[in-house]
Amino acid sequence: MLKIGNLYASVEDIEILKGIDLEVNAGEVHAIMGPNGSGKSTLAQVLAGREGYEVSGEATFDGQDLLDMDPEQRARAGLFLAFQYPVEIPGVNSTYFLRTSYNEIRKHRGEEAVDAMDFLDLIREKLALVEMDESFLKRPVNEGFSGGEKKRNEILQMAVLEPKLSILDETDSGLDIDALRIVANGVNKLHAPDKAVVVVTHYQRLLNYIIPDYVHVLYQGRIAESGGKELALELEEKGYDWIKDESLEQAL
Amino acid sequence: MSGTDWYPSRFEAFEQSLNGETQSPVHQLRRTSIERFRAAGFPTTKDEEWGFTSVVPLTRIDFELAAATKEPAAADIATFCYGLESLVFVDGHFAPGLSQLDELPEGVLVKSLRAALAEDTDLVTAHLGQAAVTEGEAFTALNTSFVQDGAFVHLPRGTVVDKPVHLLFLSTVTCPNTVSHPRVLIVAEAHAEATLIESYAGLGTEVYLTNGVSEIFVGENAALDHYRVQREAPTAFHISATHVREERAAQFRSTSITLGGRLTRNHVHTALVGEGVDSTLNGLYVEDGNQHVDNHTLIEHAQPHCQSHEFYKGILGGEARGVFRGKIHVHQAAQKTDAYQTNQNLLLSQTARIDTKPQLEIYADDVKCSHGATIGQLDQDAIFYLRSRGIGHREAVRVLTRAFAGEVLDRVRVDALRDELDHLVTHRLERAAGVAP
């Protein structure tokens, strides 16, 4: 589904990603872990099409050249980024935003636009998934939301848009244990054999709820280590210094 | 002939056309005013209050008073009426054939100023020129010199008008370089309540000047919701002054929307002369191309325990230029004043420009006053957020810009007006976004 080869990204001549190789197939859950500043969020942003990065290398999504696509084209093709810091948008009603987004993606799939009434039925069902109150629909997008509400709103959008590939960027940061459980539960319920999830996280705790098939450790812009879910536990135990030491050894 | 000499010379011709009317008190007011205009001359950018707006382009034109012309067809003006019953003026002259106002409560007057000058002379004379000062104010002096027609609204004590009253000033401008000086006089006595909409629109393609003055008296405990909508033709110069006097416990809301014209200057001056007044000034200006819009406001807190809230927003694209100057003046007696002022601007292009200058002048020591101004572009993070959800770049820009304007539009309480303004603003934003890089 997603193939990344020798991916580099820099901002103002500072190289952040230094040759990433990664392959994610349908049905898989990947975790990308790493210390602060290792390039985890940059990878997520670059895949979603954030402007401002100098990018080289390859990235394909279902065979299409991802790097050649606008952010909206990527979203319509089925790529979804749950933001680490969801943006507050005063004056834009949440329901309007979600319906516009939903209809854009339907249009791309050759499906008819959904009217306000039908959309309300759909959204009610999805709200239950992330245990959100209907009053949320009347509020402007993310405005005045608590950290937990913002993250739940990201998962709600994921539930509505039903992307093929979801990239969750530090979705666990700033969540208390209840919110973490709700978010993880939502992600698990949405997972299916034809979908894939990439969980970007600093800590192992989210991976107690969303069990990864593969764990990759990002360090200094490269994948320093890959393994199964036990790698996450090893990291938790030994800390990132272990990877740092190992990288240093390799370099020497 | 230069503008400062031109108008006094036209005044003589105007005076002759008035025949026997020259002995009336109103004519004394006209005479004083033309002298004041002659003394003041047009403002220049050296005048502090006009520092960012040059009126030179309009002083170079010798504008002739617009004559009464044939009334346009009702169907042609429907789009400017918002489905509301309206008092219509064409090129400054009352158009009875297009005007319809039914079901006004007993005693309430909504009529042409020309008729009121003849029929309600004492009432008009007692108020006309009392709020709108002409000293040192060239345009107000000019309007008052040529005052003849416009609208007169009288709400006697305790009267409540449920339906909004709409005053439409339409410029059809069939010949170039004409001026109209519409005058609006609104007298709301104690405990009266009403919603009033003044709108200014243009149909033609010739150059013209609208030089309007509105005087509004809000009596004790009266509540007035006032709108001023400017949709002039792209060739128009539009100068306006709105002077308000608010008595004890009055509630006054002003909403000023500017969409049209090539050069616009709006001055709103409200004097809070009684205790416990609640005064609100909202404004929105959306401009592009080479348009210039200057919003100038003065809120005068003269008595204690009053509140004022000012909220102006601007969206400028193309090479448009905007100016906001808002002053809150708190007199020494005005203790416990609670006043805030906000001006927020969105620039859609690299070549659009705004000068904003909020000002507080406070002579009382126990007050709560604040002000703030912002100038910015659209939030790039918000654009990316919308795009990452499949919403195209153009649509994302449109949604965010509309949201910015929405904070003012959503405060419009007349549904039909709000819907039409929403439509107009959306259309305008698409145009403005189209020329943005």
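This is a predicted model: local features need pLDDT of at least 70, side-chain atom pairs count only at pLDDT 80 or more; totals for chains, interfaces and linings use all residues.
Figure 1. Once neighbours within four places in sequence are set aside, Ile239(B) is in contact with Phe139(B), Asn211(B) and Arg265(B). Is Ile239(B) buried or exposed? Count the C-beta neighbours inside 10 Å and you get 26, so Ile239(B) goes down as buried; the cut-off for that label is 20 or more. For a sense of scale, pick out Ala78(B) as well: Ala78(B) and Ile239(B) are 161 residues apart along the chain, and 25 Å separates their C-alpha atoms.

**Figure 2. Chain B, taken as a whole.** How does the radius of gyration of chain B fit with a compact globule? For 437 residues, such a globule would come out near 22 Å, and chain B has 21 Å, so the two agree. Of the 437 residues in chain B, 52% are buried. Look, too, at contacts between residues at least 6 apart in sequence: in chain B, 82% of these join residues at least 24 apart.

**Figure 3. Helices H8 and H9 of chain B, where they cross.** Zoom in on H8(B) and H9(B), whose axes come within 9 Å and cross at roughly 125°. That angle is why the two helices, H8(B) and H9(B), count as oblique to each other. The crossing of H8(B) past H9(B) is right-handed. Which residues do the touching between H8(B) and H9(B)? From H8(B) come Ala382(B), Ile383(B), Leu386(B) and Arg387(B), and they meet His393(B), Ala396(B), Val397(B), Val399(B) and Leu400(B) of H9(B). Sorted by class, the residues of this contact are 7 nonpolar, 1 polar and 1 charged.

**Figure 4. Where chain B touches chain A.** The contact draws 19 residues from chain A and 16 residues from chain B. The two helices of the previous figure turn up again here: H8 (380-387) and H9 (393-409) of chain B each supply at least two residues of the side that touches chain A. H9(B) provides the largest share of that side, with 6 residues. What kinds of residue make up the side of chain B that touches chain A? By class, there are 7 nonpolar, 5 polar and 4 charged residues.

**Figure 5. Helices H3 and H4 of chain A, where they cross.** Over in chain A, helix H3 (residues 94-108) and helix H4 (residues 116-129) have axes that come within 11 Å and cross at roughly 100°. H3(A) and H4(A) are therefore roughly perpendicular to each other. H3(A) brings Thr95(A), Leu98(A), Arg99(A) and Tyr102(A) to the contact, while H4(A) brings Ala116(A), Phe119(A) and Ile123(A). Their class tally reads 5 nonpolar, 1 polar and 1 charged.

**Figure 6. Chain A, taken as a whole.** Chain A has 8 helices and 12 strands. Boxed along the principal axes, the C-alpha atoms of chain A fill roughly 65 × 40 × 35 Å. A compact globule of 252 residues would have a radius of gyration near 18 Å, and chain A has 18 Å, so chain A agrees with that figure. Buried residues account for 43% of the 252 in chain A. Among contacts in chain A between residues at least 6 apart in sequence, 71% link residues at least 24 apart.

How values were computed. Residues are numbered from 1 along each chain as its sequence is written. Chains are lettered from A and ligands numbered from 1 in the order in which they are written. Two residues are in contact if their C-beta atoms, placed from the backbone, lie within 7 Å. Helices (H or I, at least four residues) and strands (E, at least two) are DSSP runs, numbered from the N terminus. Ala, Val, Leu, Ile, Met, Phe, Trp, Tyr, Cys and Pro count as nonpolar, Asp, Glu, Lys and Arg as charged, and the others, Gly among them, as polar. Axes are lines fitted to C-alpha atoms, for helices over the stretch in contact, and angles run from 0 to 180 degrees between N-to-C directions. Angles under 35 degrees count as roughly parallel, over 145 as roughly antiparallel, 65 to 115 as roughly perpendicular and the rest as oblique. A crossing is left-handed if the near helix is turned anticlockwise from the far one by less than a right angle, and right-handed if clockwise. The radius of gyration is taken over C-alpha atoms; the globule rule is 2.2 Å times the number of residues to the power 0.38. A residue is buried if 20 or more other C-beta atoms lie within 10 Å of its own, exposed if 12 or fewer, and partly exposed in between; C-beta atoms are placed from the backbone.
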